[in-house]
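Visitor: Hi! I'm new to protein structures and would like a hand with this one. Could we start with how helices pack?

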Amino acid sequence: MIRKNIGRELPLLPLRGLLVFPNAVLHFDVGRDKSIGALEEAMVMDQKILLVAQKDAKTDFPDKDDIYTTGTVAKIKQLLKMPQDTIRVLIEGLNRAVIKEYIQIDPFFKVRVEEVFEGDEKATPEEEALMRSVMSLFERYMDLSRKLPPDVIISLNGVANPGRFADIVASQMAIKTEDKQKILETLSFKKRLELLFQIISQEIEILEIEKRINNRVKKQIEKSQKEYYLREQMRAIQKELGQQDERMLEADEYREKIKALGLSGEMEDKILKEVDRLEKMPPASVEISVVRSYLEWIVSMPWNVLTEDVMDIRYAEKILNEEHYGLEKIKERILEFLAVKKLSGRIKGPVLCLVGPPGVGKTSLARSIARAMGRKFVRISLGGVRDEAEIRGHRRTYVGALPGRIIQGMRQAGSRNPVFLLDEIDKMSADFRGDPSAALLEVLDPEQNNGFSDHYIELPFDLSRVLFITTANTLYNIPGPLLDRMETLTIPGYTEDEKLEIAKRHLIPKQLSEHGLTQDKITFADDGLLKIIRSYTREAGVRNLEREIAGICRKAAKTIVEGEKTLLNVDAALVERFLGSPRFYYGVIEKQDLIGVATGLAWTDAGGDILSIEVTVMKGKGKLILTGKLGDVMQESAHAGYSYVRSRAEELGIEEDFNEKYDIHIHVPEGAIPKDGPSAGITMACALISALSSRPVDRTVAMTGEITLRGRVLPVGGIKEKVLAAHRAGIKTIIIPEENTKDLEEVPRHVKDDLCFVFVNNMDEVLERALTRHPEKHIPPVHEGDGARMNVYPS
């Protein structure tokens, strides 16, 4: 029977992580000021206090909302002062109580409560059954937890009241405060026992899982200890018998290989420590494969292996000339390196950067250099690399760690002085994993790379004997500090003559061999090859040229197999028959001298070309119109030429007020193709003067050069390619800046013999040679289209 008493006022003591049931006797420490105040108030009164659990044990200064509403009225049995201003209190739980009202908050909590008194009546049959079920589960709980003394069961057997029985069981269990609070708040004996039954069942399930886990771990530990003990016994027995196990044999084998590497004492000691670790590790250890892999990398590295360089300069030159036509500067640089090494005995490997458009033979040249020097050759591609670990490797703490590309390449070479090609160095990029170009700074610096440290190897490796060669299409994407460490050698695009020789010496023999043809069945005439070069390819290198030759070989093979012919001579007509209509056209000389049309020279990625510039004068108000998809620099050149003509109008025989009466339209044909650069400056100025003075421009004259406002002619680039384009188009005279005279050294002798070069310093000299002497009747400018052409960028 339950009896309630409403209206009693009691001081309140909030408990953290603790809950007190009726009839329980226990002690705890109190240190908060409010709690001590509540104790002192209770001692002044009748030693009664209300103990209620906090909802969150981490709250240091709880408010009334942080405290449960149901607690236990307890009597203070004893107070004992402890160090650090704390009090140890011994209490005895009396009965349940429910908070109805907070009377005061400070200096301590004081509440009005409704007390709940439970009678000593015996349990009903249903409650008795629940008590027995709970007792059975509680015994199982004690057996699994092994944290409660056996006399708890004895004391429970003497309890007949179901409510008190449930409180004692709940107080003895290590369950959550929330679950204990639910039991404390449940006044019905039957519901209290059912709730307790449910909680104990859950706890037993958890304890059984814990037991299974503990047993499994214990068995594993016992097995490892047993194996270790037996292994040590076997080791001792084998030692006595003069035998060794596989692990010891493996360790001894590693020690012998490490001794044979000839490393310094410090490096050798560090590696031998790893061997000792391997020897002591149990076979089932996860780390054993990591250590073994590391040792395999160490013993396979060419720490002191050097190949002997070929010091025969003539042999090296022969190899380079056999495999590559032209490229004299690069070949000369390699021969210089060999000559210096032969005289000095030892020289740090240079870092060469071969820069040029695709298909000019940068990669194959590096391979030829290795062959000429008698060195091993290693190539790694850096295109798309954006992780610093690709260069320096990963640390061994990572799963699947490996050395970087540099160390992997050195292992592949098998020597410490290979030719190491870093291909596409301008295609690297950086992201959150680091900047690989920064990691290459140490690799490519001769002053630092004698002690290159890879994150995986963690030992200094000497790269100073390596001949590093890098390749790039452009220099713009290479960081400045990295570019500063390299010697740049520019490989320009091949000229027509060079492509012709490369085709005859290398491409045709290769394709004939691949297609099962011989020179008895097919021959290539020079005009046929030039037809392919001019009309079917437009490139700086020879890759597309090789593809077109391969296409002709396939057509020829089909023709021969079908029995139509047994010998084919590939001339210009047969090329057009096999490859179809020409895909590209090159500029040709105008058919007559025209007013307002001047011939300029342009440089493209695929070589040089001629560029017709047209000027038309119309009545208007002085507007200057520029068309032909001109870039900013080219437009500025046109404005500079226009201003020059205005300033010299009287001397040039032009109306001084032409800029007020006429609109001028300057057009560069092939308007879909972007064009830029300053070298068309004198050409536009010459065409403009021709149109305004009605003096035709000599069609056999082509020109290139930058113009200033004072009429000075400044030097430009790409002279070799421009001269060859003019020669191909039938131009007879070329006007170039005098400062570009030195660039004619690169032009083939037979081309220079066919041309007349005029070197100029100012516009007057240009006009003297380009314009005809006497004005003629104005003829509307006519430009015959010369077909599709690649992007034109006057230098």
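This is a predicted model: local features need pLDDT of at least 70, side-chain atom pairs count only at pLDDT 80 or more; totals for chains, interfaces and linings use all residues.

Visitor: Okay, at what angle do α18 and α19 pack?

Guide: Helix α18 (residues 526-535) and helix α19 (residues 543-561) pack at about 125°, and their axes are 10 Å apart. The two helices are therefore oblique to each other.

Visitor: And is the crossing of α18 and α19 left-handed or right-handed?

Guide: That crossing is right-handed.

Visitor: Which residues meet there?

Guide: From α18 you have Leu529, Ile532 and Ile533, and they meet Leu545, Glu548, Ile549 and Ile552 of α19. Sorted by class, this contact has six nonpolar residues, no polar ones and one charged one.

Visitor: I'm curious about Glu548. Is it buried or exposed?

Guide: Glu548, which lies in helix α19, has a relative accessible area of 16%; buried means under 20%, so Glu548 is buried.

Visitor: What does Glu548 touch?

Guide: Leaving out residues up to four places away in sequence, Glu548 touches Ile532, Tyr536, Thr537, Leu579 and Arg583.

Visitor: New topic: sheets. How many strands form the open sheet, and in what order?

Guide: Seven strands form it, with mixed pairing, in the order β18-β19-β17-β16-β20-β23-β24. At the edges stand β18 (624-627) and β24 (756-760); each has a single partner strand, so one side of each is left without a neighbour in the sheet. From one strand to the next, the twist averages 25°.

Visitor: In what sense do β16 and β17 pair?

Guide: Strand β16 (residues 597-604) and strand β17 (residues 607-619) are antiparallel partners, paired over eight bridges. Ala598 stands opposite Ile613 in β17.

Visitor: Which helices pack on the sheet?

Guide: One of them is α21, which touches β17, β18 and β19 (662-667), and its direction makes about 150° with that of β18. Another is helix α23 (residues 681-693), which touches β16, β17, β19 and β20 (701-703); its direction makes about 35° with that of β17.

Visitor: Last one: where is Ser643?

Guide: Ser643 is in helix α21 (residues 632-647). It is partly exposed, with a relative accessible area of 35%. Ser643 and Leu709 are 66 residues apart in sequence, while their C-alpha atoms are 6.5 Å apart in space.

Notes
Residues are numbered from 1 along each chain as its sequence is written. Side-chain values use heavy atoms; hydrogens and water are left out. Axes are lines fitted to C-alpha atoms, for helices over the stretch in contact, and angles run from 0 to 180 degrees between N-to-C directions. Helices (H or I, at least four residues) and strands (E, at least two) are DSSP runs, numbered from the N terminus. Angles under 35 degrees count as roughly parallel, over 145 as roughly antiparallel, 65 to 115 as roughly perpendicular and the rest as oblique. A crossing is left-handed if the near helix is turned anticlockwise from the far one by less than a right angle, and right-handed if clockwise. Contact means heavy atoms within 4.5 Å. Ala, Val, Leu, Ile, Met, Phe, Trp, Tyr, Cys and Pro count as nonpolar, Asp, Glu, Lys and Arg as charged, and the others, Gly among them, as polar. Buried means under 20% relative accessible area, exposed over 50%, partly exposed in between (1.4 Å probe, protein chains only). Two strands pair if DSSP finds at least two bridges between them.
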